[in-house]
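Hi,

Here is the structure I promised to pass on. Have a look at it first, and then read my notes below.

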Amino acid sequence: MNTDSIAFDLGCNFDYALFDAVEQFDKKHSIRSFFGKLKNDGLPGGRNAAIIPDFTYDQLADYVKECKKHDIQFNYLINPLGMDQYETDPVIGKKIRQFLHDAYDLGIRAFTLNSPLLIKYAKNEFKDIFITLGLYAYPSTIQSLEYWRNWGVDEITLDHCFNRRFDVLKSVLKQYKDTDLHLRVIANNLCLRECPFRLAHGTFVGHSDPNLMSMDYSLINCAYKKVTHPAAILTSEWIRPEDVHYYRELAEETGFKNFSLKLVDRTRATPFLVNVVRAYMSESYDGNLLDLVNWPQNKAMAHIPNGKGNGQVGRPPMNIKNMELLNPVAMAEYGRTMNLPQIYVDNKKLDGFLEHFINNHGACENNLCMNDILENGETAPNACGHCSAWAKKVISYDENEVAQWTKTAENVLQNLQNGTIYKDA
């Protein structure tokens with residue numbers, strides 16, 4: 001039984017070692033669910049399918065049973081930005097509905113869905129299931145939350161913008177404190193603040209091939225922005241382990257009893273996930289903040305080679321889409337962009353960073369970030385230098401290493417833009 005006033009959901013790579021980590025570090029029993037999906041279920045999702053650990057349907061059945069033994073709910077994801085009209089296709093739509101029935105028969109009683117059609121179908125078909133609305137629905141206003149609540153979802157994953165808008169988050173929690181609606185925020189994502197490319201990227205990953213890696217322009221562009229403008233790492237709306245208490249206190253102050261934090265990422269190796277569990281359960285981490293957040297790097301990707309899986313560190317699959325057509329030099333450069341420079345964000349030096357957002361309501365809504373959106377030397381009447389100033393205090397890196405990676409990334413981005421990533425461009 002959870003003895004905390006808030007809960008946590010953990011991304012699942014199907015490693016049984018995650019149960020050991022939860023038992024060791026979650027003394028309050030606040031991790032209520034694991035979330036994940038099969039690589040080859042024929043359904044789109046919110047991650048590039050080729051980097052999802054490979055797991056069979058029978059293995060999923062065993063894993064769901066193990067979750068029940070540990071009083072952990074398994075939440076199955078069918079959460080892309082768009083379903084490519086699959087829901088209404090006469091053949092694929094029938095398969096999706098059958099998959100929901102099959103998953104239900106396995107004992108799965110929680111699903112993350114974004115499709116309005118599938119949400120209605122699932123709620124009408126199964127009377128005892130829990131529906132979470134995923135991030136890719138992008139509920140960013142109180143009005144949109146109410147639309148989705150009326151539509152029948154049991155839980156809403158709030159847009160990242162709520163993480164540092166404490167006045168708005170407080171209003172939302174007060175509004176729904178006497179309802180059965182659950183609300184959650186994502187603690188350790190690293191998306192750009194108010195990223196204008198999130199719809200394009202979400203569409204891209206939702207259409208990815210489960211067995212072929214695709215050249216992810218948005219991913220490289222996102223990393224490039226953060227490496228060349230380190231302040232962008234701080235403007236991203238993550239929640240440090242040390243700052244969880246602010247959200248707990250807000251839930252307790254408003255009397256909201258169904259608040260949780262989502263911990264990503266299900267594509268990561270077990271050492272990464274165990275580190276995340278340890279840090280967020282203890283609400284402390286003495287090290288590099290990038291060890292805990294969704295910072296893209298080859299070494300942290302999970303694979304499950306056989307059996308029950310061990311979630312050990314492994315390379316992502318090397319079957320690349322249109323590989324026979326790719327320029328070998330350009331392809332090699334693309335691979336090197338996943339070995340990001342060693343950037344160190346001193347987590348403990350960030351004590352006090354969040355108070356700016358707690359004490360200044362509307363601190364971000366109408367401002368432009370210096371050394372992020374505003375380049376060096378640029379200014380504006382509504383310029384804010386909070387994150388930029390903190391970046392100078394807490395972020396360190398090797399300038400030569402960053403310069404070398406930056407040059408490689410620029411070449412890759414250019415090759416993708418003009419098509420020279422291919423031999424006959």
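The structure holds 2 cavities of 30 Å³ or more. A cavity here is a set of points, on a 1 Å grid over the protein atoms alone, where a 1.4 Å probe fits but cannot get out. Volume is the space filled by probe spheres set on those points, which are joined across faces, edges and corners. Bear in mind that this is a predicted model: local features need pLDDT of at least 70 and side-chain atom pairs pLDDT 80 or more, while totals for chains, interfaces and linings use all residues. Residues are numbered from 1 along each chain as its sequence is written, and side-chain values use heavy atoms, without hydrogens and water.

The largest cavity has about 80 Å³ of space. Its lining (residues with an atom within 4 Å of a point) includes R193, T235, F357, H386 and C387. By class, that lining has 6 nonpolar, 4 polar and 1 charged residues. Nonpolar means Ala, Val, Leu, Ile, Met, Phe, Trp, Tyr, Cys and Pro; charged means Asp, Glu, Lys and Arg; the others, Gly among them, are polar.

The second largest cavity has about 40 Å³. Among the residues lining it are R164, R165, F166, D167 and F357.

Cheers

Notes:
On a 1 Å grid over the protein atoms alone, a cavity is a set of points where a 1.4 Å probe fits but cannot get out, and a pocket is an open set with protein on both sides within 12 Å along at least five of seven lines; lining residues have an atom within 4 Å of a point.
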